[in-house]
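Please look over the model below before reading on. My notes follow as numbered points.

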Amino acid sequence: MTVTSARGSKRPTIDDVAKAAGVSRGTVSRVLNGGHWVSPDALTAVELAIKKTGYRINPHARSLATSKANTVAFLLSETQERLFEDPNFSILMRGASEALGEHDVSLVLIMAGTKDEQRRARDFITAGHVDGVLLVSSHARGQSIVGEIHQSGIPMIACGIPLGFEGKIGYVAADDAAGAREMVAYLRGLGRTRIATITGPMDTSGGVGRLRGYREEMGPDFDEALTAPGDYSRESGRQAMQQLLVQAPGLDAVFAANDLMAAGALDVLHAAGRRVPEDVAVAGFDDSPVAASTDPGLTTMRQPFARISREMVRILLGVIRGEDPAAIILPTHLVERASTGGVTVSA
């Protein structure tokens, strides 16, 4: 696991006010919540420190114990169709809900896949209806709403590296590039030499990172004819596989940037009479429920979704309490199934 700072332009915290005033953090908190049980001298010192540091008093910067909303938003910047097609979102949402439940905090799902949804989401979130935001499936095209929420001062933690906001917004992500490198090296170890890839969308950190890992491991063997774009949907996997069979008919392996696209690739290979894994080995990324339901079962890179969601919640609650955000990179794990037909690496 890799943990780094995600401070960016750091907003003054309660700790900064306490240091400037020469009082405890608890004293500052009591001042912010009405001034009960605070001496006149301490009250004056804290008020002066607030002005000196530029600390902004707003409900989003207070702890959950005194927040009026007691609710966190699960902001999904995808279409409703993708929500129901991709099981990863429900896994992350369930994990986040369970983790928040341990703190008696509710989770509300907010869709932001279209311009109108983004506008409504922005208005709802910045109106103070939630104490923080869990940003899931961030696309570069959604930078406007992310920027507006960030500028409003509402705590936000992303699932995956938030492109364009690295160093400003905390996040929890799988090590996409390392996972892709390991998968390609594994396929090479099985004797596969013409390894194609179906990329994820290039406006997401996962799409960028997994393609980078593929290219790095392929090295001088990298060939543009062995790449085709996808958008993480099963249908895009089908279309990309059809394209690859035309561009590189001699391919003997396919690494898709997620399991749904790998499942789409399997559909096309079966229809084309290509045997899996005898003729073409197929691998995905995620280890979602889809991977265990395909025929044959799908070799994939497992993302630790349960831990990702819990870490996102842990960091977000800390930021709501006034702590600095963090950036965490978690390792992936190769899971071998029948779609590659190699020596078992993991059950």
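**Aromatic pairs and inner space**

1. The structure holds two aromatic pairs. Keep in mind that this is a predicted model. A pair of aromatic rings is described by the distance of the centres and the angle of the planes.

2. Start with Y214 and F222. Their ring centres are 6.1 Å apart, and the planes meet at 75 degrees, so this pair is edge-to-face. Y214 is buried, at 0% relative accessibility. F222 also counts as buried, because its relative accessible area of 19% is under the 20% cut-off.

3. Now take F255 and F285. Here the centres lie 6.5 Å apart and the planes are at 50 degrees, so the pair is tilted. It links distant parts of the chain, 30 residues apart. F255 belongs to strand β9 (residues 253-256), whereas F285 is in the loop between β10 (281-283) and α12 (289-293). Both F255 and F285 are buried.

4. Two arginines deserve a look. The charged end of R215 sits over the ring of F222, 4.0 Å from its centre. R210 lies over the face of F285, at 4.0 Å from the ring centre.

5. How many cavities of 30 Å³ or more does a search of the whole structure find? The search finds two. The largest cavity holds about 380 Å³ of space. It is lined by 26 residues, and those closest to its centre are S137, C159, R210, Y232 and Q303. Elements giving two or more residues to this lining are α5 (87-101), β6 (170-174), α9 (205-218) and α13 (305-320).

6. Twelve residues lining the largest cavity are nonpolar, nine are polar and five are charged.

Terms used:
Residues numbered from 1 in each chain as written. Predicted model: local features only at pLDDT ≥ 70, side-chain atom pairs only at ≥ 80, totals over all residues. Heavy atoms only, no water. 1 Å grid on protein atoms, 1.4 Å probe; cavity = no way out; pocket = protein on both sides within 12 Å on 5 of 7 lines; lining within 4 Å. Points joined across faces, edges and corners; volume = space filled by probe spheres on them. Helix = DSSP H or I, 4+ residues; strand = E, 2+ residues; numbered from the N terminus. Nonpolar A, V, L, I, M, F, W, Y, C, P; charged D, E, K, R; others polar. Phe/Tyr/Trp six-rings, centres within 6.5 Å; stacked < 30°, edge-to-face > 60°. Buried < 20%, exposed > 50% of the residue type's maximum accessible area, 1.4 Å probe, protein only. Lys NZ or Arg CZ within 6 Å of the ring centre and 35° of its normal.
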